[in-house]
Amino acid sequence: MTLSESSSVNHYNELVNQVYRNELFELVAVALQSQTAARQIKWRYAAGNQNEKFRKIVLRSGMGIAGLVIRTGKPFWCDRLNVYQLRDAMYTPIAKCESLTGAAAVPIMSPATRLVDGVLLAGFRNGQPVSNKTVQALSQYLLP
Amino acid sequence: MLATKDWLGQYFDHSTDAIFIFKDDALLVQNQMAKELEQELKVDPMYLLQVADTSVKQKYSQTNGCFNCIIQNKMTNLSVPLTLADDSTHPLHYFMVYSILDKTAHLFSITLKSRGTINRMDQLAQQRKLTRYVNRAHELERKRISADLHDSIAQGIYSAIIGIRRLRNADLSTEQLTALSNVIENQLDDTLKEVKGMALDIRPSVLDNFGLLPALKVLANRLEENSGITIEVAGKADTSVLSEDVQSVLYRIAQEAINNALKHANASEITVLLVNHQHFIILEIIDDGDGFDVPSHQSFNGRSLGLLNMSERVKALNGTFNIKSKLHDGTTVTAKFPVADLGRKQHV
């Protein structure tokens, strides 16, 4: 691990914990693109998780709310995540693993390349609605 | 009028059900089928009468507590399951229907309907449902592929084209150029992944080139990444001697069973086992999920025929298919095929 990678580890780990502490979300997670040739995007950090299943998930561009964030670089949110099944376009694996009912996801942009580098996702299990305001609140944490 | 009587007589005689008509306790008339039954199986009409009589008495008995039950007293017929020739190797199962034709004249009929025919009709109906389901599944699959091609592949390529057009813009700085070419590369990379994923979903080339076990491993890996659920593939099997049909069916069963477990079972671990023995090969998909009540899912539930379809595909190739499941106790799906050549090859 290089020095810059190690500092990013601390940074995102801290970010996840900070959002979890300050807001009412039941799960907060960050997915990042790996720098290896496969360039897989996986969930690296989570707070409030029920299990470790999320670590196995590889995000698919365009699939589910996190995938849509990666494809478009724009925030997404959804209140009915629990109705989607494997093979549905809006099926979001982490929502199923973590029994989320609603979640919002915002892109993490790399300042150097101005590309989507990852996703910050936060959600609820108790049916509490998410909205544009949730997205705005989340985006605040990513401001430089 | 006379002609009608003739037709009725013909219908009565040629009916596939055996019909006896009694007045009081004497046999009045019987059709051809009834005569054959009486001769060949030595069925005494008086015995049938007794069976009917006891059933009637049972139903209308005062001790049954329902003597004045309005609905039951209005019932003019009664059916009793009956097995004839039950000491032979092929017992015949019938439904005996007792119906009153004229209450005051004490006229009634006993009809024996073969349960074999009824079962056969049920089977045919089931088969038709299955054919309809398979056709619908085909169409749905095509619809899904078409939607995937349109929504993800075409969109990805289109975005890349737009990006390349922007590259022609002369005003871009070196830094902007690098950023933009990175975007385009990412888009094409995503599209490539989608194309590969789709090809794998439709028909895995690994199955044709490397065999069943590697194909199952690739499948498990892909579904694991897509769901977060641990899917282990273990086994020791030489599948090169299996016919392509058997390999495909085994692969599809594993796919369907894993998908079912992911969709409905809330499993946290799924294990796929493929083992060959000297004369058979066996595939097991075991999950530790919620489990379900198997009998209530065996027939058509109005939405999907997944289990029935799996079972039919296995049976069509002389295999056996089994699902063991209990509520809150996981599910095990097993498919087993006899293989003649496997042993021979091992001995050589």
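Across the interface of chain B and chain A in this predicted model, two salt bridges are found. One of the residue pairs joined by a salt bridge is Arg60(A) with Glu194(B), whose closest N and O atoms lie 3.5 Å apart.

The side of chain B that touches chain A draws at least two residues from each of the helices α5, α6 (174-202), α8 (212-227) and α9 (244-265). Of the elements of chain B, α6(B) gives the most to this side, namely eleven residues. Sorted by class, the side of chain B that touches chain A holds six nonpolar, eleven polar and 13 charged residues.

The contact as a whole involves 30 residues from chain B and 21 residues from chain A. The size of an interface is often given as the accessible area lost when the parts come together. Between chain B and chain A the buried area is about 2300 Å², and carbon and sulfur atoms give 43% of it. Three residues, Glu225(B), Asn226(B) and Lys263(B), supply 24% of the area that chain B buries against chain A, more than any other three residues.

Chain A itself contains four helices and five strands. Read from the N terminus, its elements follow the order α-β-β-α-β-α-β-β-α. The C-alpha atoms of chain A occupy a box of roughly 40 × 35 × 30 Å along the principal axes. A compact globule of 144 residues would have a radius of gyration near 15 Å, and the 14 Å of chain A agrees with this value.

Within chain B, helix α5 spans residues 115-167 and includes His150(B). An unreviewed UniProt entry places the feature "modified residue: Phosphohistidine" at His150(B). Helix α5 of chain B also holds both Glu141(B) and Arg144(B), which are three residues apart, about one turn of the helix. Glu141(B) and Arg144(B) form a salt bridge, with 3.6 Å between the closest N and O atoms. Over all chains, a search of the whole structure finds twelve salt bridges.

| Residue with Lys or Arg nitrogen | Residue with carboxyl oxygen | Closest N and O atoms |
|---|---|---|
| Arg60(A) | Glu194(B) | 3.5 Å |
| Arg144(B) | Glu141(B) | 3.6 Å |

Helix α9 of chain B contains Arg252(B). The side chain of Arg252(B) makes a polar contact of 2.6 Å with the side chain of Gln255(B). When residues up to four places away in sequence are left out, Arg252(B) touches Asp201(B), Ile202(B), Arg203(B), Pro204(B) and Arg313(B). Ile286(B) lies 34 residues from Arg252(B) along the chain, and the C-alpha atoms of these two residues are separated by 15 Å.

Conventions. Residues numbered from 1 in each chain as written. Chains lettered and ligands numbered in written order. Predicted model: local features only at pLDDT ≥ 70, side-chain atom pairs only at ≥ 80, totals over all residues. Heavy atoms only, no water. UniProt positions renumbered as here; feature names shortened; annotations may be inferred. Contact = heavy atoms within 4.5 Å. Buried area = accessible area lost by both parts, 1.4 Å probe. Salt bridge = Lys/Arg side-chain N within 4 Å of Asp/Glu carboxyl O. Nonpolar A, V, L, I, M, F, W, Y, C, P; charged D, E, K, R; others polar. Rg over C-alpha atoms; globule rule 2.2 N^0.38 Å. Polar contact = N/O pair within 3.5 Å; in protein donor to acceptor, adjacent residues only side chain to side chain.
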